[in-house]
Amino acid sequence: MYVELQNINKAFGDVHAARNVGFGIVRGVLAALLGPSGSGKTTILRMIAGLERPDSGDIFIDGARVNDVDPGRRGIGFVFQNYALFRYMTVFDNIAFGLIVQKEPAETVRSRVFELLALIGMEGMEKRYPAQLSGGQKQRVAFARALAPNPKLLLLDEPFAAIDAKVRKELRVWLRDMIHRLDVTGIFVTHDQEDAVETADEIIVTNNGRIEQKGSPQMLYKAPATPFVTSFIGNSAPLENYKRLKGFENGSGAATGVVRPEFVKIYPAVDGITYENSVEDAVVEDTAFRGTHWEVTLKIKNMTLPARYSLEKAPIAAGDRVKAFVYRLYAFDGDNVTLLENRNLDTHNGANRYSI
Amino acid sequence: MKRHSAKRIIPGFGISLGLTTSFVSMIVLIPMLFLAVQSTDAGWSGFRQALSDPRILAGYEVSFLCSFAAAGVNCVFGLILAWVLTRYRFPGRRLIDGLIELPFALPTAVAGIALTALYSDKGWIGSAFAAMGIKIAYTRAGIIIAMTFITLPFIVRTIQPVLEQLDGAYEEAGRMLGASRGRIFRKIILPELTPAVLTGFGLAFARALGEYGSVVFIAGNMPFKTEIAPLLIMSKLEQFSYDESAAIALVMLVVSFTVMFGINCVQSGAASFSKG
């Protein structure tokens, strides 16, 4: 493990920002700390950086305990949420700051700054001031400034928060490529699951000062460990009693759970369904156009279920009566989550092999 | 810019500009103009004197040098005071914060008498210095102290809000890059504060220059040594030489205006950085 946290606790008055937090990140990986605001993710990042002291617990970077090491001596580059570029310095001076502090000779500073300017694709802009840059350019300058002293670990606090949707997509890809190309380890904080899923190799989900789950985006999506992760990652809607749904009648424990829209298939009533016993009668409550598909809200036995519906199929509208098949859902039992498959899945699939 | 669709809070450019110019005219421009007319009322002799009489020239020197020194002293200590008041939480902080404005609330003559009593050779503070052979009251040092007292609020109150608004991330960025505290202050914080310090300096300088009440008591008013220009204006008035007093006033006005204008120019240059 390149970065390792063990039993970290931190409280601000009555607010517990970290409770027994422990995780490790392998060298060269880009990890995301993902959680709702107030979940403690930024505090965890700031403790790794040394800007905040944990009340108890140990932080290791590259095998060495760094609790008592000055932030500037931990070999970390930090990109702040609003970039915190020095307003009275040019782009050149901003990037050079960390090198000048280390008393590097002027020629080394110059060549390193121009090397970084080339890396971030901003050659020729070294004389500009931060106020003359766009949001994306500021972010890249902040990135270059943090990277200038050759840190082995890069921490980024909400790197995409202040950037509009279009540039955001580009920056995600760019950041991911950079981290992998430069062979540094990266950790970034975000509240946006799309940022995390599309950018990170590994996601650490935080909630209420605790680590809920750590894993690859696919793993978090396919095998969420806690009810919180299940609801937080991906789209989902809560079910108060899934045992009322056909095919799930004999689930164990409590009957609460969540279902994702991609787990529900809609058959317009006109379609011939050969195995009718497996499908539910549903009423379309609402439809919303999502560009690539319809997002449909269904009412089934007094429960509200989300579903996706292809643009290619016969159009449906609010008030229509349709049939729906629920492939699977996540059932909650205390803190445990189980993926339940519809008991009739095989029969259903077999019977409807040739339907659209 | 959409000119017509946006609703403005203050109605109409015409009305607001009219109000602005008439207000500034009545309160500032017309009195100034009157001063200029007055000074040349009896020909240019008053002017000639205001620009050549060695006693008056010495008066300018005392006024400008002491004001400059007082504003300078306050830039250093006012900055420290503002820093402590915004960065630290300690019992009595609100009390000290409230005391800052006291020099404004006090009638200046009261302040002058109190300062003179304290700093004269027999006073609490003055006697300690007198033992070391340093005279404060009735010297330029005394004038500077009175001016410092009177202008402290300007510096503190202009720096304080800027310090409060200053994003802590700038300092943290400096720390992460390994900068020492001294470097962080000099290279990162000080540039952010410079416009506010300059404004405070300008205000303090101008106020000290015009200060009369508190200074005359502690100054001793010895010609060529501790006689300030405002006192010369008063004494010319008492001798009914209105043109001479107006001429002295005009000279001071022009110099003050030049200083303030210069500071404003530097500041608007600095303001162009802070837009992003």
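I looked up the crossing of helix 9 of chain B and helix 10 of chain B first, and it is right-handed. (Helices are DSSP runs of H or I with at least four residues, strands are runs of E with at least two, and both are numbered from the N terminus. A crossing is right-handed if the near helix is turned clockwise from the far one by less than a right angle, and left-handed if anticlockwise.) The contact takes B:Tyr170, B:Glu171, B:Gly174 and B:Arg175 from helix 9 of chain B, and B:Ile184, B:Ile188, B:Ile189 and B:Glu192 from helix 10 of chain B. Contact here means heavy atoms within 4.5 Å. I sorted the residues of this contact by class and got four nonpolar, one polar and three charged. (Nonpolar covers Ala, Val, Leu, Ile, Met, Phe, Trp, Tyr, Cys and Pro; charged covers Asp, Glu, Lys and Arg; the others, Gly among them, are polar.)

The angle between helix 9 and helix 10 of chain B is about 160°, and their axes lie 10 Å apart. (Axes are lines fitted to C-alpha atoms, for helices over the stretch in contact, and angles run from 0 to 180 degrees between N-to-C directions.) Helix 9 and helix 10 of chain B are therefore roughly antiparallel. (The cut-offs: under 35 degrees is roughly parallel, over 145 roughly antiparallel, 65 to 115 roughly perpendicular, and the rest oblique.)

A note on what I'm looking at: this is a predicted model, where local features need pLDDT of at least 70 and side-chain atom pairs count only at pLDDT 80 or more, while totals for chains, interfaces and linings use all residues. Residues are numbered from 1 along each chain as its sequence is written, chains are lettered from A and ligands numbered from 1 in the order written, and side-chain values use heavy atoms, with hydrogens and water left out.

Next, helix 8 of chain B. Helix 8 (residues 140-165) packs on helix 10 (residues 181-210) of chain B at about 155°, with the axes 8 Å apart. That makes helix 8 of chain B roughly antiparallel to helix 10 of chain B. The crossing of these two, helix 8 and helix 10 of chain B, is right-handed. On the helix 8 side, the contact includes B:Met147, B:Phe154 and B:Leu163, and on the helix 10 side B:Leu193, B:Phe201 and B:Arg207 are among the residues. By class, I count 14 nonpolar, four polar and two charged residues in the contact of helix 8 with helix 10 of chain B.

I stepped back to chain B as a whole. Chain B has 13 helices and zero strands. Its C-alpha atoms fill a box of roughly 65 × 65 × 30 Å along the principal axes.

Then I went after the holes. Rolling a probe the size of a water molecule over the atoms shows where empty space is left. (On a 1 Å grid over the protein atoms alone, a cavity is a set of points where a 1.4 Å probe fits but cannot get out; a pocket is an open set with protein on both sides within 12 Å along at least five of seven lines; lining residues have an atom within 4 Å of a point. Grid points are joined across faces, edges and corners, and a volume is the space filled by probe spheres set on the points.)

How many cavities of 30 Å³ or more does the structure hold? I found two. The largest cavity has a volume of about 40 Å³. Its lining draws on both chains, with A:Phe86, A:Tyr88, B:Tyr170 and B:Glu192 among the residues. Helix 10 of chain B gives the largest share of that lining, four residues. The lining of the largest cavity has six nonpolar, no polar and three charged residues.

The second largest cavity comes to about 30 Å³. Residues lining the second largest cavity include A:Phe78, A:Arg145, B:Ala173 and B:Met176. Helix 4 (135-147) of chain A and helix 9 (168-176) of chain B each supply at least two residues of that lining.

Last, the pockets. The largest pocket holds about 640 Å³ of space. Of its 27 lining residues, B:Arg175, B:Gly178, B:Ala179, B:Ser180 and B:Ile184 lie nearest the centre. Helix 10 of chain B turns up here too, with the largest share of the lining of the largest pocket, four residues.

The second largest pocket has a volume of about 360 Å³. A:Gln193, A:Tyr221 and A:Arg308 are among the residues that line the second largest pocket.
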